[in-house]
Every structure is written in structure tokens, then in C-alpha cells.
Amino acid sequence: MALSDLLYPDNPKRKQELIHLHQELLDSMSTNFHATNELVGVLNEHLGCTITPIEMRESSTVKENCEIIIQVMSEIQHQVQKIDSDMKDKLEPVLYQKLYDIKEPELEKIAIAQRVFSIIFGEATSTAAMVAIKLLGSDHLTLTVSKLIGVLAQIGASVLGGVSITIIGLGLEMILHAILGAVERSQLLTAVRSYEKHLAEFKAASEKYQRAIHEVTSLVRQQVQ
């Protein structure tokens with residue numbers, strides 16, 4: 001038994017807790033990568049975007065993987081803003097306002113969007129128009145993307161950012177060394193609490209983000225069936 005474990009009897013439990021929290025963080029990140037790629041696929045297929053799908057890099061740190069997903073989320077935000085700009089440029093002000101009028105029937109909004117896409121692309125499907133309307137009218141998706149970007153940036157800037165993604169197959173002490181770095185083992189409780197705080201914020205933001213994406217992708221699946 002390590003001397004630190006004799007001096008701090010709760011350390012073995014905290015060590016296991018730290019490993020568990022780290023794995024939870026990786027699982028949530030992996031789910032976000034998958035959800036983001038689903039949305040990227042919809043944008044590329046139906047709106048003519050050329051966003052490159054992403055994948056977690058097991059040889060990289062948490063921070064580096066946070067930066068990967070932040071970059072593609074920012075690109076998605078840019079594409080939504082571009083759609084809005086195209087609508088504003090091509091439509092009469094009255095029609096443009098209808099796109100954001102919650103009282104306006106969605107079928108009417110889709111018809112308006114399809115008209116604009118027909119001008120831009122030469123032709124447009126109702127699915128493309130529906131995706132555009134869903135993205136433009138979804139404050140939920142816009143807010144969740146912004147929130148998750150903020151949380152990811154916080155994680156990347158924290159002590160967790162320098163931790164490698166790959167922990168499978170490593171011994172307990174090697175994993176702890178990777179997570180804690182120069183942090184004294186007597187500060188395990190502080191490390192655990194830090195993980196808990198960031199993980200709670202990350203999971204909450206991730207769940208909202210994934211639900212918002214599911215709303216869009218499920219509508220597309222229903223439309224093409």
C-alpha cells in the first residue's frame with residue numbers, strides 16, 4: 001500500500017472514483033462526436049454543405065478533442081447563419097419575417113424556404129427546406145450548441161484538458177499519474193470534485209445538444225420514408 005493511502009485512507013476509493021469520472025467524460029464526448037456527425041450528414045446531404053465528419057483521436061488529449069468538436073460546431077453555426085442571410089437577401093421582408101413567426105404554419109414556412117433554395121441551387125427538395133426551417137426556428141439547438149461550446153472550452157482549459165483520451169489498458173497508477181500530473185495525491189479529493197463539476201455541466205449540456213439534434217434528424221428520417 002502506498003504511503004499516501006496510509007496517510008489518507010479514503011484515497012483508494014477516490015482513485016477509483018476519479019477513473020470512473022474520466023471514463024464517463026470520454027463516453028459523453030464520444031456520444032457528442034456521433035450526434036454531431038449525424039447533423040453534419042444531414043447538412044451535407046440536404047443543404048449542400050461540405051462539413052468534414054469528425055472522430056475522436058485516442059492519441060490526443062481531452063483538450064485537443066474538445067477543440068475538434070468546437071471547430072465543427074462553430075462551422076455548423078456559420079452554416080445556419082449563412083442560411084439565414086440567404087433567406088434575408090432573397091425574400092421580401094414580409095416573407096422573411098414569416099419564417100420566424102411562431103403563428104405561421106410550418107408548411108407555409110417550408111414552401112417559402114424551398115422557393116429560396118430553388119433560386120440558389122436551381123432545385124430544392126421539401127426535405128432541404130424543412131431542415132432549414134427547423135435549424136432557423138430552433139432556438140433550442142442554437143442555444144445548446146453555444147452552451148456546449150462554452151463548456152467544452154472550460155474543460156479544455158482546465159486541468160482535465162491535458163489528460164490523454166486513451167486510458168484503456170493502462171495500470172491504475174499510470175492512469176492516475178496521467179490525470180493528476182504534478183498534483184499531490186493528498187489533493188485527490190480536489191481533483192475528484194473538479195471532475196464532478198465539469199462532468200455534471202458537460203453531461204447536462206450534452207443531453208440537451210443531443211436531443212436538439214435528434215429532433216432534426218428524426219424529422220428527416222420521417223420525411224424520406
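This is a predicted model: local features need pLDDT of at least 70, side-chain atom pairs count only at pLDDT 80 or more; totals for chains, interfaces and linings use all residues.
Visitor: How are α3 and α6 oriented to each other?
Guide: Helix α3 spans residues 62-90 and helix α6 spans residues 126-137, with their axes 10 Å apart. The packing angle is about 105 degrees. Angles of 65 to 115 degrees count as roughly perpendicular. The relation of α3 to α6 is therefore roughly perpendicular.

Visitor: Which residues in α6 meet α3?
Guide: On the α3 side, the residues are Val80, Ile83, Asp84 and Met87. By class, the contact of α3 with α6 has 6 nonpolar, no polar and 1 charged residues. The α6 side consists of Ala132, Leu135 and Leu136.

Visitor: At what angle do the axes of α3 and α5 cross?
Guide: Helix α5 covers residues 106-121, and its axis comes within 10 Å of that of α3. The two helices are roughly perpendicular to each other. The crossing angle is roughly 90 degrees.

Visitor: How many charged residues are in the contact of α3 with α5?
Guide: From α3 come Ile83, Asp86, Met87 and Lys90. From α5 come Ala113, Val116, Phe117, Ile119 and Ile120. Asp and Lys count as charged. Alongside 7 nonpolar and no polar residues, the number of charged residues is 2.

Visitor: What is the geometry of the aromatic pair formed by tyrosine 96 and tyrosine 100?
Guide: The structure holds 1 aromatic pair. In this pair, the ring centres of tyrosine 96 and tyrosine 100 are 5.5 Å apart, with 65 degrees between the planes. Planes over 60 degrees apart count as edge-to-face. The geometry of the pair is edge-to-face.

Visitor: Is tyrosine 100 buried or exposed, or partly exposed?
Guide: For tyrosine 100 the relative accessible area is 35%. Buried means under 20% and exposed means over 50%. Tyrosine 100 is therefore partly exposed.

Visitor: How far apart in space are isoleucine 68 and methionine 56, C-alpha to C-alpha?
Guide: Isoleucine 68 lies in helix α3 and is buried, with a relative accessible area of 15%. Beyond four places in sequence, isoleucine 68 contacts Phe33, Ile54, Glu55 and Arg57. Methionine 56 is 12 residues from isoleucine 68 in sequence, and the C-alpha to C-alpha distance is 8.2 Å.

Definitions and conventions:
Residues are numbered from 1 along each chain as its sequence is written. Side-chain values use heavy atoms; hydrogens and water are left out. Axes are lines fitted to C-alpha atoms, for helices over the stretch in contact, and angles run from 0 to 180 degrees between N-to-C directions. Helices (H or I, at least four residues) and strands (E, at least two) are DSSP runs, numbered from the N terminus. Angles under 35 degrees count as roughly parallel, over 145 as roughly antiparallel, 65 to 115 as roughly perpendicular and the rest as oblique. Contact means heavy atoms within 4.5 Å. Rings of Phe, Tyr and Trp (its six-membered ring) pair if their centres lie within 6.5 Å; planes under 30 degrees apart count as stacked, over 60 as edge-to-face and the rest as tilted. Buried means under 20% relative accessible area, exposed over 50%, partly exposed in between (1.4 Å probe, protein chains only).
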